[in-house]
Amino acid sequence: ANSIIEYNLFDWNRHSIAGTGRPGCSYIARHNVEMGTSLSHCFDMHGGRARDDGTDIAGTAIAIHNNTFRAPQMPVAITGTPQETCEVYHNWFVKHRPGRVVITDGNTKIFDNAYGPNPEQAE
């Protein structure tokens with residue numbers, strides 16, 4: 001399945017976005033806002049360990065851009081390796097610092113994001 005998830009307000013979810021991570025599973029998440037309460041990490045793509053299928057595959061391609069994350073929980077967890085790539089860019093991580101926004105095993109690029117409550121002062 002390939003999905004575009006855009007222009008949503010998320011609040012009080014375990015994972016606002018989650019994918020099975022099977023080969024061919026891809027999504028683009030853009031222009032969404034995590035309002036501030038999450039029961040676990042916000043955006044997710046499962047790896048082979050979660051499916052117990054003997055692989056490390058976490059979907060095919062993932063793009064996460066132009067989102068705002070207000071929840072204090074981990075914003076993104078890619079619990080395996082995407083077959084192609086995962087790109088996380090142009091997001092605002094209100095309660096996080098660089099290096100603490102994505103859990104991933106590989107094939108992930110994180111760039112051009114804003115951090116902290118005042119993005120113009122972010123690194």
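**Figure 1. Overall dimensions of the protein chain in the predicted model**. A compact globule of 123 residues would have a radius of gyration near 14 Å, and the protein chain, at 13 Å, agrees with this. Its C-alpha atoms fill a box of roughly 45 × 25 × 20 Å along the principal axes. The protein chain contains one helix and 14 strands. Buried residues make up 43% of the 123 residues. Of the contacts with a separation of 6 or more, 64% are between residues 24 or more positions apart.

**Figure 2. Salt bridge between E6 and R30**. The closest N and O atoms of the pair are 2.7 Å apart. E6 is partly exposed at 31% relative accessibility, and R30 is partly exposed at 23%.

**Figure 3. Salt bridge between D105 and R49**. Here the closest N and O atoms are 3.3 Å apart. D105 sits in the loop between strand 12 (102-104) and strand 13 (108-111), while R49 is in helix 1 (residues 48-51); the two are 56 residues apart. R49 counts as exposed at 57% relative accessibility, whereas D105 is partly exposed at 42%. R49, D105 and D56 are linked in a network of salt bridges.

**Figure 4. Salt bridge between D53 and R51**. The closest N and O atoms are 2.9 Å apart. R51 has 18% relative accessibility and therefore counts as buried, the cut-off being under 20%. D53 is partly exposed, with a relative accessible area of 37%. The structure holds four salt bridges.

Note on methods:
Residues numbered from 1 in each chain as written. Predicted model: local features only at pLDDT ≥ 70, side-chain atom pairs only at ≥ 80, totals over all residues. Heavy atoms only, no water. Helix = DSSP H or I, 4+ residues; strand = E, 2+ residues; numbered from the N terminus. Rg over C-alpha atoms; globule rule 2.2 N^0.38 Å. Buried < 20%, exposed > 50% of the residue type's maximum accessible area, 1.4 Å probe, protein only. Contact = heavy atoms within 4.5 Å. Salt bridge = Lys/Arg side-chain N within 4 Å of Asp/Glu carboxyl O.
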